[in-house]
Amino acid sequence: MEQEIMKKVMDEVMKRIGSGSVIAPEKASQQQSDEEKVASVCAQNIVGVTEYVGISEGDTIGLVVANVEPMLHEKLGIDKKFRSVGIFSGRTGAGPQIMAADEAVKATNTEIVVIELPRDTKGGAGHGSLIIFGAEDVSDARRAIEVALKDLRRTFGDVYANDAGHLEFQYTARASYACNKAFNAPVGRAFGLIVGAPAGIGFVMSDTALKAAEVELIDYLSPTKGLSLTNEVVITFTGDSGAVRQALIAARSIGKKLLGAMGAEPKSATTPYI
């Protein structure tokens with residue numbers, strides 16, 4: 001009897017997920033038990049507020065506000081036409097969220113109006129993130145958050161960590177307005193991002209990447225230069241698609257060896273994509 005009840009519940013849950021009426025929160029593991037899937041959907045229903053869209057990797061939550069309070073809107077300093085906003089806020093990670101937001105901007109009628117990188121990572125070496133999409137209609141804001149939440153599992157694929165630190169590699173063949181706002185990436189060109197913590201590893205990865213391929217350095221960021229005193233070195237660069245990927249792969253190879261010397265083998269929590 002208990003199995004029959006579970007099957008009926010699961011059939012209804014899967015039907016709702018397939019119709020798009022429920023956004024199932026992504027899990028770190030690629031496979032979930034029936035009980036976990038039911039719990040995920042039930043948890044979402046328990047939230048019970050229209051502002052809530054979903055959650056994903058990096059302790060990231062997606063929210064919408066249909067009509068921003070006028071005084072708050074004025075303090076944000078954003079265009080008055082954007083009466084609705086989508087909020088993409090994470091405790092751990094900045095690059096993955098920005099790259100996912102970049103895909104969301106490409107797919108929706110929204111603009112990036114705020115990108116801020118708080119000192120966070122739940123006590124770790126890096127950043128958290130606050131990204132706000134502006135939209136004239138709340139449906140556009142909600143759709144942007146849905147796209148970003150879904151893509152975040154992919155963009156976390158080339159984030160590697162152990163107790164000693166973390167490495168991050170991001171790539172897009174065609175940068176859009178999130179990458180442009182956050183990193184001054186040329187819109188429409190291939191773009192790469194490398195992050196290393198502790199900062200010394202980030203520096204060596206950066207040097208390796210720039211020697212490995214003909215790419216154009218956009219920026220170099222260090223704990224007191226462009227970062228929130230985080231223990232990282234970050235570079236951003238552009239160039240031909242193949243060269244950008246080659247630079248990232250070279251940096252990833254040496255970075256994993258160096259970070260691995262300080263602890264356990266650094267592994268991706270999802271699936272590498274570069």
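**Figure 1. The largest cavity of the predicted model and the residues that line it.** In this predicted model, the largest cavity has a volume of about 40 Å³, and a search of the whole structure finds one cavity of 30 Å³ or more. Its lining is made up of Met-99, Asp-102, Glu-103, Lys-106, Arg-154, Thr-155, Tyr-171, Thr-172 and Tyr-273, which by class amount to three nonpolar, two polar and four charged residues. Helix 4, helix 5 and strand 7 (165-172) each contribute at least two residues to the lining of this cavity, and the largest share, four residues, is that of helix 4. Rolling a probe the size of a water molecule over the atoms shows where empty space is left.

**Figure 2. The largest pocket, with the residues nearest its centre.** The largest pocket has a volume of about 500 Å³ and is lined by 31 residues, among which Thr-92, Gly-93, Thr-121, Val-159 and His-166 lie nearest its centre. Strand 6 (159-162), strand 7 and strand 8 each supply at least two residues of the pocket lining. Divided by class, the lining of the largest pocket holds 15 nonpolar, eleven polar and five charged residues.

**Figure 3. The largest nonpolar core, viewed around Ile-112.** In soluble globular proteins, nonpolar side chains tend to be buried together. Here the largest nonpolar core has 34 residues, and those with the most contacts inside it are Phe-88, Ile-112, Ile-131, Phe-133, Ile-145 and Phe-191. At least two residues of this core come from each of helix 4 (95-107), strand 4 (111-116), strand 5 (129-135), helix 5 (138-155), helix 6 (177-183) and strand 8 (190-197), while the largest share, seven residues, belongs to helix 5. A second, separate core of 21 residues includes Ile-194, Phe-237, Ala-247 and Leu-248. When residues up to four places away in sequence are not counted, Ile-112 touches Ala-101, Val-105, Ile-131, Ile-132, Phe-133, Ala-178 and Lys-181.

**Figure 4. The cis peptide bond between Ala-197 and Pro-198.** Most residues other than glycine have a negative phi, and most peptide bonds are trans. The bond that joins Ala-197 and Pro-198 is cis, with omega at about 5°, and Pro-198 has its place in the loop between strand 8 and helix 7 (199-212).

Figure 5. With a relative accessibility of 44%, Asp-59 counts as partly exposed.

Figure 6. Among contacts in the chain between residues at least 6 apart in sequence, 69% join residues at least 24 apart. The accessible surface of the chain comes to about 13400 Å², and 53% of this surface belongs to carbon and sulfur atoms.

Notes. Residues are numbered from 1 along each chain as its sequence is written. This is a predicted model: local features need pLDDT of at least 70, side-chain atom pairs count only at pLDDT 80 or more; totals for chains, interfaces and linings use all residues. Side-chain values use heavy atoms; hydrogens and water are left out. A nonpolar core is a set of buried Ala, Val, Leu, Ile, Met, Phe, Trp, Tyr and Cys residues joined through side-chain atoms within 4.5 Å. Buried means under 20% relative accessible area, exposed over 50%, partly exposed in between (1.4 Å probe, protein chains only). Contact means heavy atoms within 4.5 Å. On a 1 Å grid over the protein atoms alone, a cavity is a set of points where a 1.4 Å probe fits but cannot get out, and a pocket is an open set with protein on both sides within 12 Å along at least five of seven lines; lining residues have an atom within 4 Å of a point. Grid points are joined across faces, edges and corners, and a volume is the space filled by probe spheres set on the points. Ala, Val, Leu, Ile, Met, Phe, Trp, Tyr, Cys and Pro count as nonpolar, Asp, Glu, Lys and Arg as charged, and the others, Gly among them, as polar. Accessible areas come from the Shrake-Rupley method with a 1.4 Å probe; for residues, only the protein chains shown count as cover.
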